[in-house]
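Colleague: Got the file open. Can you walk me through it, starting with the strands?
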Amino acid sequence: MDKDDQHQFEQRTTPVEENIKWIKTAWRLERIGFFLLGLFILYALLGGFSQGWLSDSLYQNDPTSTQITYEKYLRSDTESPLIIAYPVKQEKSDHITLSGKFVNEYDIINVSPESAVIHRSPGTMIIYPNNPGVANKGSVQLTLKPREFGIYTLSVTANNNSPFIFKQIVFP
C-alpha cells in the first residue's frame, strides 16, 4: 500500500532512478514546443507564406489613382496574380511601366487583356494594355511565377503618375 500512496512528484529509485527536476524541464520544453508549433500552423493558415489574409494586399493612394492587388508572400515556382487598375487618360497612349529586380526574376505566365503589347528590357517592362472601349478605369492582370526565392522590389507606374514601390517575399 505504501507504493500506492507515494506522491507522483517524489523521487523514485526503482526500477529506474528518476530526476524530477529534469523531467519537469522536459515537460515545460514540450509545452513550449507545442505552443510554437500551433503558432506556426496558425500563421501558415492565415496566409503568412502565401494565399491568405496576411498575404493579400491592395495598394492605392486615393480612390482615383492606380490600384494594385498582389500577394506579399509567395512560394517559388507558384503562380500569383498581379492586378493593376489605372485611370484611363487616352486609350492609345495608356501604358504601365514595371521596373526593379522583380522584372528579371519573374516569368509572365499570362497577360489579360490578351491584346496587351509588352516591351521588355533588362530591369524594365512597359505594357500597353490596349483596352478598347474602357471609359474610366482600365486594368491589366499579370499571372507571374517567381524563378527563385528572395526579396524582390517592384516599382509600378501607370501613365507617368507617381510610382508605387512595394516588396514581395518569395519563400523556397
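Colleague: Which residue in strand 8 is the bridge partner of L98?

Modeller: M125 is the partner of L98. Bear in mind that this is a predicted model.

Colleague: How many bridges join strand 5 to strand 8, and do they run parallel or antiparallel?

Modeller: Four bridges, antiparallel. Strand 5 covers residues 96–99 and strand 8 covers 124–128.

Colleague: What is the strand order in the six-stranded sheet?

Modeller: The order is 3-11-10-5-8-7, in an open sheet with mixed pairing. Strand 3 (73–75) and strand 7 (117–121) are the edges; each has a single partner strand, so one side of each lacks a neighbour in the sheet. On average, neighbouring strands here are turned by 25° against each other, direction ignored.

Colleague: And what order do the strands take in the five-stranded sheet?

Modeller: That open sheet runs 1-2-4-9-6, with antiparallel pairing. Its edges are strand 1 (56–60) and strand 6 (106–112), each with a single partner strand, so one side of each has no neighbour in the sheet. The twist averages 20° from one strand to the next.

Colleague: How many bridges link strand 4 and strand 9?

Modeller: Eight, in the antiparallel sense. I84 stands opposite V140 in strand 9. Strand 4 (residues 80–87) also pairs antiparallel with strand 2 (residues 67–71), over three bridges.

Colleague: What about strand 1 and strand 2: how many bridges?

Modeller: Five, again in the antiparallel sense. L58 has T69 in strand 2 as its bridge partner.

Colleague: Switching to packing. Which residues have the most contacts inside the largest nonpolar core?

Modeller: L82, I96, L98, F102, I127, L142 and V156, in a core of 25 residues. Strand 10 (residues 150–158) gives the largest share of that core, four residues. Nonpolar side chains tend to be buried together in soluble globular proteins.

Colleague: What does F102 touch, not counting residues up to four places away in sequence?

Modeller: L82, L144, Y152, T153, L154 and Q168. L82 is, like F102, among the residues with the most contacts inside the core.

Colleague: Now confidence. What is the mean pLDDT of the protein chain?

Modeller: The mean is 83, and 88% of the residues reach 70 or more.

Colleague: Which elements have the lowest and the highest mean pLDDT?

Modeller: Helix 1 (residues 2–5) has the lowest, at 55. Helix 2 (residues 20–45) has the highest, at 94. Where pLDDT is low, the predicted coordinates should not be read in detail.

Definitions and conventions: Residues numbered from 1 in each chain as written. Predicted model: local features only at pLDDT ≥ 70, side-chain atom pairs only at ≥ 80, totals over all residues. Heavy atoms only, no water. Pairing = 2+ DSSP bridges. Helix = DSSP H or I, 4+ residues; strand = E, 2+ residues; numbered from the N terminus. Axes fitted to C-alpha atoms, helices over the stretch in contact; angles between N-to-C directions. Core = buried A, V, L, I, M, F, W, Y, C linked by side-chain atoms within 4.5 Å. Buried < 20%, exposed > 50% of the residue type's maximum accessible area, 1.4 Å probe, protein only. Contact = heavy atoms within 4.5 Å. pLDDT = per-residue confidence, 0-100.
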